[in-house]
Amino acid sequence: MELLSQMMQLLFSGLTLGAIYALIAVGFVVIYNVTGILNFAQGEFAMLGALTCISLVNNNVPLWLAIILSIVIVAAIGGIFERTALHTARKSSVTTLIIITIGVSIVLRGAAILIWGTQVQTLPPFTDNTPITILDAVLLPQNIWAVGISIVILILMMYFFNYTFVGKSLTACVVNPFAARLMGINPEKMSLFAVIVSAGVGALAGTVIAPISGATYDMGMMLGIKAFVAAVIGGLTNAPAAIAGAFLIGILEAFTEGLWSSGLKDVVTFTFLLLILFVKPEGLFAKASGKRV
Amino acid sequence: MNSKSLKLIYNNSILGPIILFAVLFCIPLVSSSNYLFSILTMIGFYALVCIGLTTLTGYAGQISLGHAAFYGIGAYSSAVLTSTYGLNPWIAIIIGALISAVVALIVGIPTFKLKGYYLALATLGFGIIVYTLFKEFSSITGGSNGFFGIPPISLFGYEFITDKSYFYLIWVFVFFAILFTRNIIHSRIGRGLRSIEGSEIAADAVGVNLMNYKLQIFVLSAIFASVSGSLLAHYVSFINPDLFVANTSIFFLIMVIMGGKGNIWGSIVGAAMYVLLDEILKHYVPLLLPNVGGQFEIVFFGILLVLTLIYMPDGLVPRFEKLMSKFKKKTPTNGALQSTISVNATGGDNK
């Protein structure tokens, strides 16, 4: 019973982490598929979302409105980022683009230090945070919120990509940009749109995790890298696979932390990543394809 | 073929390095400020890493986001071998370099099968693993608290303790690193690397052994980083894992790119610019914004990096060379240069 409840506990925290990673990883996949760029600044959107939301709440904006406002603000920042950096440099080599997005992430992190400082800030939980006990394992309502919100968003995004006009246009750009252009879809507009959407989703991920682990200017880097790892492990070209990868990484981390060592969880995660990259670089769950590798 | 454009790259004259070092070593005649020497020494450490990294990034076109790991392996090898096991610092530097070379070889073989984003992520992951190991194996490394009491380095009974003496020491290393790297770049390996940067498929097709070249240059750059890290450890006598985080790797890359990747002088210019800007920002920004703490200066480096990449992707030194050559009415375009190089590379490898 003891062991079972410990396992349940670790599973809960793994699922929560996985849900956050999934939201950010989906952003990676959307941008990568539409523009061919892997955005290393993705995690910073989560950081900006969390800190903006905290500032709004501290200025007596109601929590729900603050969340929505911070998503809108960060989405706008994403749009500016796309127009100023990605769009201007879209003809550059992969190496250059990687370093440009890293540069943007450094700018955003530095700006966050200038605006918010280096202290850890907290956001109140979305609802009353009385722990719920299931099989002797303690579950906080905020964890349910995290998993719930990410599942709802992921379903909404599936619907959006498969059943709406804009979503289908985006998908068309992924499948065949040239043919999409012939059909009158403007890939450049779609690229802007993709970055805005994933910035907004990233910001939401940030506001969801802020009540659980607090928010600092440097939270984005690790979140982004882990989500990136999740996306690569699952399969970069395939959103559901990336989501599966995200939950896998979240659970792996929670169990390493609980059963072995919290310090070494990064070693386990990245060793796992390297193994996948060396053995099966197209991802665990993706069908093999030579696309964009 | 334009022989003048060839000359620009195959500039074999030793004059450049000698002039630079003559100027550098004259500085102590004019000034004796310890602050100045500490800054010049810092530039030396970074320049040594960047010279290695620029051969990898610029000449071979491969990205590495994990070079702080080798910098750290060198530093910790020196620290542990000299303090815990009482070895001579020079032997420790060599052992550290060997360890880094072996690690680079083992990591490099699977890693350089990857390209683009995957290569970036794999090297980044490697760097984070090594950083975490420094932090977690606290019985050996001292963990997050750091490693204290690393002895100074000495040569024939002379101890390098002052900033001024260390300034000489590190720049002698940089001098030989430049000569060595120049020789490599001007050899068959260098031409092979250039061809890889131009087009991997074309290079492969004409018989350039991609894997071999990439590995050799990765190991070489790891050794440079490791030696630099070792020297740093003996200089500061206290190291902690935070010196070797992923960000350090990224800042090495920033130096290489700002200076001009694919140019040895670029790595020195980049390192100098980074250190000087860092000092200036740390000094002046708090005067304007008194409440700021932490590494706020990164925002400026980020902006600089993005602007450099968008508006002069070749970096400062090549841009400067272009201006100079325009001034002299020689206008070798980049494309012309590259085709010359690829032709040379193929010629070299068919021999």
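Biologist: How far apart are the end C-alpha atoms of residues 192-215 of chain A?

Modeller: Keep in mind that this is a predicted model. The UniProt record, an unreviewed entry, lists residues 192-215 of chain A among its transmembrane regions. The span is 92% helix and 0% strand, and its end C-alpha atoms lie apart by 27 Å.

Biologist: And what is the end-to-end C-alpha distance over residues 61-81 of chain A?

Modeller: That stretch is also listed as a transmembrane region in the unreviewed UniProt entry. The chain there is 90% helix and 0% strand, with the end C-alpha atoms separated by 26 Å.

Biologist: Which helix gives the most to the side of chain A that touches chain B?

Modeller: Across the interface, 38 residues of chain A are in contact with 38 residues of chain B. On the chain A side, H4 (94-116), H9 (219-234) and H11 (265-279) each supply at least two residues. That side divides into 26 nonpolar, 10 polar and 2 charged residues. The top contributor, with 16 residues, is H4(A).

Biologist: Over in chain B, are H4(B) and H6(B) roughly parallel or roughly antiparallel?

Modeller: H4 (residues 67-84) and H6 (residues 116-136) of chain B pack with their axes 8 Å apart, at an angle of about 30°. Angles under 35 degrees count as roughly parallel, so H4(B) and H6(B) are roughly parallel.

Biologist: What is the handedness of that crossing, where H4(B) passes H6(B)?

Modeller: The contact includes Gly72(B) and Tyr76(B) of H4(B), and Gly127(B) and Phe134(B) of H6(B). Its residues split into 8 nonpolar, 2 polar and no charged. As for how H4(B) passes H6(B), the crossing is left-handed.

Technical notes. Residues numbered from 1 in each chain as written. Chains lettered and ligands numbered in written order. Predicted model: local features only at pLDDT ≥ 70, side-chain atom pairs only at ≥ 80, totals over all residues. UniProt positions renumbered as here; feature names shortened; annotations may be inferred. Helix = DSSP H or I, 4+ residues; strand = E, 2+ residues; numbered from the N terminus. Contact = placed C-beta atoms within 7 Å. Nonpolar A, V, L, I, M, F, W, Y, C, P; charged D, E, K, R; others polar. Axes fitted to C-alpha atoms, helices over the stretch in contact; angles between N-to-C directions. Parallel < 35°, antiparallel > 145°, perpendicular 65-115°, else oblique. Left-handed = near helix turned anticlockwise from the far one by under 90°.
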